Amino acid sequence: MTSSPSTSSATPAAIAELEQGLEHLKVANYYLRVALDQVADGVVIVESEASDAKSGPKVLFSNAAAAMLAGADPESGLRGLGLNDLVAGEKDATILRQSLRLAVDHGGCHECECALQSLRTQAPVPSKWRVRAVFNGMRKLLNFTILISPAGQSAPAAGSARAEMKPAVDDLDAQSAQLRKENLAALAQGIAHDVNNLLGPATVRLSALIQQVQEHPALAHELQLVFAGLKRARTFTSQVVTASRSTPRKLEATDIVSVIRDTVEFAGAGSNVHVCVRNDENLRQAVADPVKLSQVLQNLVMNGIQAMPHGGYMDVQALNHIVGAEGDGKLKPGKHVKIIVRDRGCGIAPENLGRLFRESFTTKPDGNGIGLTTCKRFIDEMGGDIRVASTPNIGTEFTVILPAAAGADGTRPLVPADTAPVPLKHGKGMVLIVDDEDDLRKVAQMILGRCGYEVVQCDNGQDAVRIYQSLFRTGTPPDVVLMDLTLRGGMNGTETASEILHLDPDARIVCTSGSVTEEVQMVFLERGFVGVLPKPYEAGELTQVVHQVATMMKRH
């Protein structure tokens, strides 16, 4: 008699499939949390019905911006608080409850203005609340997603007749455009974070390798070129993070010669076009964003190289320039710096010259037309101008003119930018590396091991706490903990650090992340971290920070 297959025989496969599904959900949740934490405005998700009539619908999720606006700890956030706890008074609570009802009644969207109660300063913040009712396919209300942003100076006072609002049907296009911008900002932040993680292992390994091959000058020079490109990529991704958070980068006095030589050498590497660089002997410094200027020059040089498929010579020239008292178009009178990028390529047809800086215009089959548009926007932001002249079959000349820095008379020698790797620093002690990027963790372990450190490593917060606890009980806690902030699954980096500091208040934890900007570093130092090491870091930067922290006096 043949027995039918036991249902239990399918259990391992079913369990494996379930575990795989749960892992996919964890990864998706991780990316969602990272993305939402990059949105500049506060985002809260609240339950569809109030479980507590006094406090109102409970907060199910809040991003870091919402916590900061309300004066709460970014890690614990606003979860568990009621909406009535977040507004300044009963009048505001009534307005917000009415907005929730109107969102359900009018297609899912509504806006209102009422004061957000700060949990830290107790000073209410006039804010705009954009409410969206979320339904399933059966039109069952699942929850409310609310976007909170500080109201403008002209915003009506909380509780006024105007604050009672009306359905935002007429403003749907504006809301849609704003949502696209927010989504793009979140996407850019997530991409920058992931790119920094990809750059990390290569940056660490290459910076260490260059210092090992100094006896081979030709090889060291080639590796130095690649390393300079990685450093620029790191700067670009940092700029993306800053720009996505609507924090403008300050313009500064910029050494044009260093920017040109560094950028041109990299952009022209491997091509059959020789780029000749010349500059005035006493060239002034310019008021510029060196990162964006490097992007502009790289774009112009690469365009010229593409216009010369059979090779040849290009010129990049930097000159002091004076704009007369009558001005010159958008340029104000005074001292300027002029950069000329000249190719000897196919040229540009006269009918196309006026369209070059317009969005979506391109003559390349695979082009997207945004390169020169972006260049123009960058130069405009610096208070300068970009111009073009071209003759078919003769060549094209782009001219970038930037205002000179105050007092930059060109009399002092210009110091070239330092693109050499930071030197390695040897030391001793134990380092615990907590990072879910396997390649970066392994390379960092190798570098620190070569520099005299004992290294323990893991890829999640739970193991990190367990390892630290075990070492702490034996009286040999790690001298330094390198803590990544975004750990997949379970506890994130700040939660893990909090657990370790609860166990050992003297723990020396360094925050490592690809999304920590200079503007928010102080926040992490206030949470108990003793240092910040932004990703991607060099081998030398890694060892210098570890040595500095390992030799710190214990806190008491």
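Colleague: When α11 passes α15, is the crossing left-handed or right-handed?

Modeller: Right-handed. A crossing is called left-handed if the near helix is turned anticlockwise from the far one by less than a right angle, and right-handed if clockwise. Helices are DSSP runs of H or I with at least four residues, strands are runs of E with at least two, and both are numbered from the N terminus.

Colleague: What kind of model is this, and how are residues numbered?

Modeller: It is a predicted model, in which local features need pLDDT of at least 70 and side-chain atom pairs count only at pLDDT 80 or more, while totals for chains, interfaces and linings use all residues. Residues are numbered from 1 along each chain as its sequence is written, and side-chain values use heavy atoms, with hydrogens and water left out.

Colleague: Back to the helix pair. At what angle do α11 and α15 pack?

Modeller: About 60°, with the axes of α11 and α15 (residues 539-550) 10 Å apart. The axes are lines fitted to C-alpha atoms, for helices over the stretch in contact, and angles run from 0 to 180 degrees between N-to-C directions.

Colleague: Which residues meet there?

Modeller: Ala444, Ile447 and Leu448 of α11 meet Ala539, Leu542, Thr543 and Val546 of α15. Contact means heavy atoms within 4.5 Å.

Colleague: How many residues has α11?

Modeller: It has 13, residues 438-450, and the distance from its first C-alpha to its last is 19 Å, close to the expected 18 Å. The expected span is 1.5 Å times one less than the number of residues.

Colleague: Which residues of α11 are buried?

Modeller: Leu440, Arg441, Val443, Ala444, Ile447 and Leu448. Looking down the axis of α11, the buried residues fall within an arc of 170°, so they line one face of the helix. The arc is taken over the directions from the helix axis to the C-beta atoms. Buried means under 20% relative accessible area, exposed over 50%, and partly exposed in between, with a 1.4 Å probe and protein chains only.

Colleague: What follows α11?

Modeller: Gly452, with a positive phi near 105°.

Colleague: And α13, which of its residues are buried?

Modeller: In α13 (residues 493-503) they are Gly493, Thr494, Thr496, Ala497, Ile500 and Leu501. Their arc, seen down the axis of α13, is within 155°, so these buried residues line one face too.

Colleague: Changing topic: how many salt bridges are there?

Modeller: The count comes to 14. A salt bridge is a side-chain nitrogen of Lys or Arg within 4 Å of a carboxyl oxygen of Asp or Glu. One of them joins Glu381 and Lys292, at 2.7 Å from N to O. Glu381 is in α10 (residues 371-381) and Lys292 in α8 (residues 290-306), so the bridge ties together parts that are 89 residues apart in sequence.

Colleague: Is Lys292 buried or exposed?

Modeller: Lys292 is buried, at 17% relative accessible area, whereas Glu381 is partly exposed at 42%.

Colleague: What does Asp315 pair with?

Modeller: Arg344, with the closest N and O atoms 2.8 Å apart. Asp315 is in strand β9 (residues 312-323) and Arg344 in the loop between β10 (334-343) and α9 (350-353), 29 residues apart. Asp315 is buried at 9%, and Arg344 is partly exposed at 45%. Asp315 and Arg344 also belong to a network of salt bridges with Arg342 and Glu397.

Colleague: How far apart are the closest N and O atoms of Arg466 and Asp463?

Modeller: 3.4 Å, in a salt bridge. Arg466 and Asp463 are three residues apart in α12 (residues 461-473), about one helical turn.

Colleague: Where is Val273?

Modeller: In strand β7 (residues 273-279), and Val273 is buried, at 6% relative accessibility. Leaving aside neighbours within four places in sequence, Val273 is in contact with Ile305, Met308, Gly311, Gly312, Tyr313 and Met314.
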